[in-house]
Amino acid sequence: MLKTMLELGKIHFKEYSIYKSNFYLFTLNRIVEVIVYIFVWQAIYMQTGNTGEFTIEQMITYYILVVSLSSIATWGINEDMAHSIRTGKINKELLSPMSYFKYYFGINLGEIGFAIPVSIATFILCAIFWKVIMPVSIMNFVLFLLVIVLIIPISFFIQMIIGTTGFYTNSIWGMQILKKSIISIFSGLIAPLTLFPEWFQKIANILPFKEFIYTPINIYLGTIPLNEIGAIILKLVLWIAILYLIAKIFFEHAVKKITINGG
């Protein structure tokens, strides 16, 4: 079954990469985002003399990593699911020997497979023009990668929940925008979470979105003690289980509703 999911991911990856212009345009878009963020924080630093908890070099590295990771955190299969529901293709998908969740997880792997080289290219090109801080240690870099791997199933189950709303509405565009906005705010994509009010930080500490951007970058920079990372990993594992159950229950209810409506 794993082999089949990887093959699905490979096929979806080829669909994205068949036109090399896609890779160049996505990468260019990411670099433009980095430039905007860096210019803003350089202007803030020149006016105030500080950038919160980070030095200006750390803040530049932070936003290069933010933009590099954002595609992995925010891209997804929501629109693929919605299109499948609208066109009736879902009938074949539900009858397939492979479960619906495993099928779309394979598709999601293809999305991630395309996002990774875009992220790497963005980081390398930005490192040419700005001084980028390297990981404080090999262990920090390994843990940085581990947290990123663990957010993949969390992101996927959130996408499944959002995509399933397509059973109830003709368009999930609004839900996609809401999802992206919530992730952007609570993940530290817009600004480091320490710049937000304390009550907001307490909410962010409970939700899983902080681990999408803010936590892995701070592990990379060495600002999170290694003895605290075990608790972070446990939190991610718990959220994987919770979101899986929510996505499964929501999907099964939606399928029953469609079955009833369809006769």
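**View 1. Helix α8 and its buried residues in the predicted model.** Lys179, Ile183, Ser184 and Phe186 are the buried residues of helix α8, where buried means under 20% relative accessible area, exposed over 50% and partly exposed in between (1.4 Å probe, protein chains only). These buried residues pack against α3, α4 (78-87), α7 (138-164) and α9 (198-206), a contact being heavy atoms within 4.5 Å. Helices (H or I, at least four residues) and strands (E, at least two) are DSSP runs, numbered from the N terminus. The 14 residues of α8 (residues 173-186) should span 20 Å at 1.5 Å a residue, which agrees with the 20 Å between its end C-alpha atoms; the expected span is 1.5 Å times one less than the number of residues. Just after α8, Gly188 takes a positive phi of about 90°.

The model is predicted, so that local features need pLDDT of at least 70 and side-chain atom pairs count only at pLDDT 80 or more, whereas totals for chains, interfaces and linings use all residues. Residues are numbered from 1 along each chain as its sequence is written, and side-chain values use heavy atoms, with hydrogens and water left out.

**View 2. The crossing of α3 with α10.** The axes of helix α3 (residues 56-74) and helix α10 (residues 214-221) come within 10 Å and cross at roughly 135°; axes are lines fitted to C-alpha atoms, for helices over the stretch in contact, and angles run from 0 to 180 degrees between N-to-C directions. The two helices α3 and α10 are therefore oblique to each other, given that angles under 35 degrees count as roughly parallel, over 145 as roughly antiparallel, 65 to 115 as roughly perpendicular and the rest as oblique. On the α3 side, Gln58, Thr61, Tyr62, Leu65, Val66 and Leu69 meet Tyr214, Pro216, Ile217, Asn218, Tyr220 and Leu221 of α10. The residues of this contact between α3 and α10 comprise nine nonpolar, three polar and no charged, with Ala, Val, Leu, Ile, Met, Phe, Trp, Tyr, Cys and Pro counted as nonpolar, Asp, Glu, Lys and Arg as charged, and the others, Gly among them, as polar.

**View 3. Helix α7 against α6.** Helix α6 (residues 100-129) packs with α7 at an angle of about 120°, their axes lying 11 Å apart, and α6 and α7 are therefore oblique to each other. From α6 the contact draws on Tyr100, Phe101, Tyr104, Phe105, Asn108 and Ile112, and from α7 on Ile152, Phe156, Phe157, Gln159 and Met160. By residue class, the contact of α6 with α7 divides into nine nonpolar, two polar and no charged.

**View 4. Helix α7 against α4.** The axes of α4 and α7 come within 8 Å and cross at roughly 30°. Asn78, Met81 and Ile85 in α4 meet Gln159, Met160, Ile162, Gly163 and Thr164 in α7, and the residues of this contact of α4 with α7 divide into four nonpolar, four polar and no charged.

**View 5. Two residues of helix α2.** Tyr24 has its place in helix α2 (residues 20-48) and counts as exposed because its relative accessibility is 53%. Between Tyr24 and Val118, which are 94 residues apart in sequence, the C-alpha to C-alpha distance is 8.3 Å. Glu33 also lies in helix α2 and, at 26% relative accessibility, counts as partly exposed. The C-alpha atoms of Glu33 and Ser68, 35 residues apart along the chain, are separated by 9.9 Å.
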